[in-house]
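The structure is shown first.

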Amino acid sequence: MSIEKYKNNGIRYDLQIVASWIEPGSKVLELGCSEGNLLYFLKKNKQVTCTGIEINEARVAACIEKGLTVLQGDINEEVLDYPDDVFDYVILSQTLQQIYEPSQLFRSMLRIGKRGIVSFPNFSHWSIRMQLFFKGYAPITKQLPYEWHNTPNIRVITIKDFRKYAKDVGFRIIKEVAINTNNQERSGNIIRFLPNLRATYGIFLIGKGAL
Amino acid sequence: MFFFPFLKQSKMSEYIEHDADGISVGLVKKKSYTYAEPPNEMILESGTRLGPVTIAYETYGELNKDKSNAVLICHALSGDSHVAGYYSKDDPKPGWWDIMVGPDKGIDTNKYFVICSNILGSCMGSTGPCTYNPKTVKPYGLDFPVVTIGDMVKAQRALLDHLGIKKILTVIGGSIGGMQVLEWCAQYPEMVVSAIPLASTTKHSALAIAFHEVARQAIMADPNWNDGNYYSGEKPKLGLAVARMIGHITYLSDESMRIKFGRRLQNKNDFSFNFDADFQVESYLRYQGSKFVERFDANSFLYITKTADYYDLERQHGSGSAVEAFSKARAKFLVVSFTSDWLYPTYQSKSMVQAMKKNGLDVSFCEIEAQWGHDAFLLPSKRLTDLIKGFLERVYREI
């Protein structure tokens with residue numbers, strides 16, 4: 001695994017936005033950090049102290065080999081060990097759709113972190129609506145490329161759903177951005193008009209307590 | 001597929017292999033350092049005085065100018081200071097971790113100054129029960145005091161002082177070597193930049209103690225053991241061989257034994273209907289046992305197993321609390337466990353990781369999928385090599 005590969009390449013557009021919200025020098029925990037592209041970028045460019053949690057051995061190894069601090073484990077359990085407020089940001093990037101008990105996880109995230117950053121594929125994008133309406137099959141998109149029987153994504157979430165959920169559960173949305181990009185694309189654009197219909201991803205900065 | 005039991009056995013036996021690419025640190029030399037001469041003996045954890053103390057050690061690579069590239073390797077129960085390289089041109093075997101330590105290897109001797117010393121109480125050059133007691137001019141035998149992991153680490157510290165090393169870039173070790181790694185972090189936190197405990201634990205489980213006890217009983221039941229006074233006569237070879245056989249079972253796993261041996265018979269087509277070694281697994285264990293007695297001292301085996309059983313990081317450094325035990329540690333950690341290790345199972349590594357997290361320590365953890373049981377940490381593994389290499393590069397960069 002060469003480090004060079006990560007040095008010059010940019011990161012995914014959604015991760016660029018997440019990274020832009022993070023103060024230099026802060027402490028970050030990423031849940032489900034995969035091969036650590038975001039953490040590597042933050043460590044390199046923002047002097048961030050970062051930790052990742054990832055369940056897959058090969059991905060954990062890839063992270064450690066490139067010099068990241070990463071723990072192999074289940075994010076739902078691993079978050080329980082940390083003291084209160086030890087992180088400035090706890091990131092849950094494109095993982096929410098796979099979480100069995102999100103409310104419990106959000107409570108933990110906002111206990112151990114001062115802020116949370118959450119991103120997920122927007123299930124109410126017009127193309128998804130069209131597929132369901134015209135074809136009648138469970139939608140398959142670039143962002144959610146699985147069939148109903150082999151998908152790890154057990155939850156479908158829309159941008160509107162998440163706003164409602166924040167109110168229901170009682171956390172604060174500090175900032176939100178809706179974007180349009182394809183999965184591995186380095187570029188994209190911010191959607192301001194009708195985001196719930198037109199954006200492929202929603203990214204939220206959240207904090208403790210209701211508005 | 002042909003099966004060559006003897007070849008496979010000798011290959012698996014001590015896990016010492018020539019490097020597949022023929023890369024090696026080359027010729028190395030065992031050195032020794034003696035200190036704690038009376039009346040300035042070393043004071044052990046038990047309060048007993050021990051001196052003089054000799055520590056056998058080897059070093060590879062060069063210590064850099066600011067002395068910041070020292071890597072200390074701690075060996076396990078039956079290991080020694082001979083980690084890598086060869087003693088002579090016709091040496092049939094390299095050191096015990098030659099696959100990991102050498103130029104461009106996981107622990108790169110082009111970059112790091114690698115030190116490994118034989119543990120106190122062993123029989124491979126450091127002071128132990130087979131050493132001459134200066135008071136009686138006979139081998140210590142059971143007069144040798146019971147030493148602890150803490151004492152072993154104190155002796156390693158004395159060696160590092162002698163070498164002029166004030167900071168260790170990484171202290172690394174598996175099994176009982178991993179206990180020394182953890183002890184270093186608790187006893188001398190200011191000296192340890194990073195630490196890698198492999199397939200290790202903060203304290204033995206009842207299962208681990210039980211196997212050690214059966215092994216000790218096997219030695220003590222051998223009439224030749226003679227309360228530890230056998231240095232002038234017959235050695236308790238049978239007892240030590242059985243002890244080693246028990247050890248080998250715990251180092252393997254159900255899966256690895258099924259794959260390696262199954263129920264295959266050794267050089268025969270049918271049972272012998274007597275008590276010869278019919279099965280390959282029997283023959284393997286007998287071979288391992290008989291080979292071990294040629295190089296290892298039975299009393300050292302008793303002492304070191306007891307040392308490991310006594311070890312309890314939480315009790316020693318945290319009044320029973322793992323979180324408190326790690327509260328003084330400053331090192332960056334890489335903790336590694338192996339899926340099929342039933343002697344030091346993953347839950348034990350995870351519990352130390354948990355305590356480290358609660359202390360806000362920088363800790364990485366990886367559980368490597370491996371079928372070879374506890375011994376996996378000594379076997380060639382690209383995954384383990386790459387993990388160690390990447391972690392070392394990072395901590396060296398971040399000094």
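Lys203(B) sits in the loop between strand E12 (192-198) and helix H4 (206-221) of chain B; helices (H or I, at least four residues) and strands (E, at least two) are DSSP runs, numbered from the N terminus. Lys203(B) counts as buried because it has 22 C-beta neighbours inside 10 Å. The cut-offs are 20 or more other C-beta atoms within 10 Å for buried, 12 or fewer for exposed, and partly exposed in between, with C-beta atoms placed from the backbone. Apart from neighbours within four places in sequence, Lys203(B) is in contact with Tyr311(B), Asp312(B), Leu313(B) and Glu314(B), where contact means C-beta atoms, placed from the backbone, within 7 Å. The C-alpha atoms of Lys203(B) and Leu313(B) are 6.5 Å apart, although 110 residues separate the two in sequence.

The model is predicted: local features need pLDDT of at least 70, side-chain atom pairs count only at pLDDT 80 or more, and totals for chains, interfaces and linings use all residues. Residues are numbered from 1 along each chain as its sequence is written, and chains are lettered from A and ligands numbered from 1 in the order in which they are written.

| Helix | Residues | End-to-end C-alpha distance | Expected span |
|---|---|---|---|
| H11(B) | 13 residues | 18 Å | 18 Å |

The buried residues of H2(B) include Ile149(B), Met152(B), Val153(B) and Leu159(B). Just after H2(B), Gly164(B) has a positive phi of about 75°. Just after H11(B), Gly360(B) has a positive phi of about 70°.

H11(B) is largely enclosed by the rest of the structure, because ten of its 13 residues are buried. Among them are Thr346(B), Met352(B), Val353(B) and Met356(B). The buried residues of H11(B) pack against strand E3 (69-72) of chain A, and also against helix H10 (322-325), E13 and E14 of chain B. E14(B) has five of six residues buried, so this strand too is largely enclosed by the rest of the structure. Strand E13 (residues 332-338) of chain B runs parallel to E14(B), and six bridges join them; two strands pair if DSSP finds at least two bridges between them.

Across the interface, 21 residues of chain B are in contact with 15 residues of chain A. Helix H11 (346-358), strand E14 (363-368) and helix H12 (382-397) of chain B each supply at least two residues of the side that touches chain A. The largest share, seven residues, comes from H12(B). By type, this side of chain B has eight nonpolar, four polar and nine charged residues; Ala, Val, Leu, Ile, Met, Phe, Trp, Tyr, Cys and Pro count as nonpolar, Asp, Glu, Lys and Arg as charged, and the others, Gly among them, as polar.

Chain A holds nine helices and eight strands, and 40% of its 211 residues count as buried. Its C-alpha trace spans about 50 × 40 × 35 Å along the principal axes.

The model scores ipTM 0.91 and pTM 0.94. Chain B averages a pLDDT (the predictor's confidence in each residue, from 0 to 100) of 94, and 96% of the residues score at least 70. Over residues 1-14 of chain B, however, the pLDDT is below 50. Where pLDDT is low, the predicted coordinates should not be read in detail.

Definitions and conventions. Two residues are in contact if their C-beta atoms, placed from the backbone, lie within 7 Å. The expected span of a helix is 1.5 Å times one less than its number of residues.
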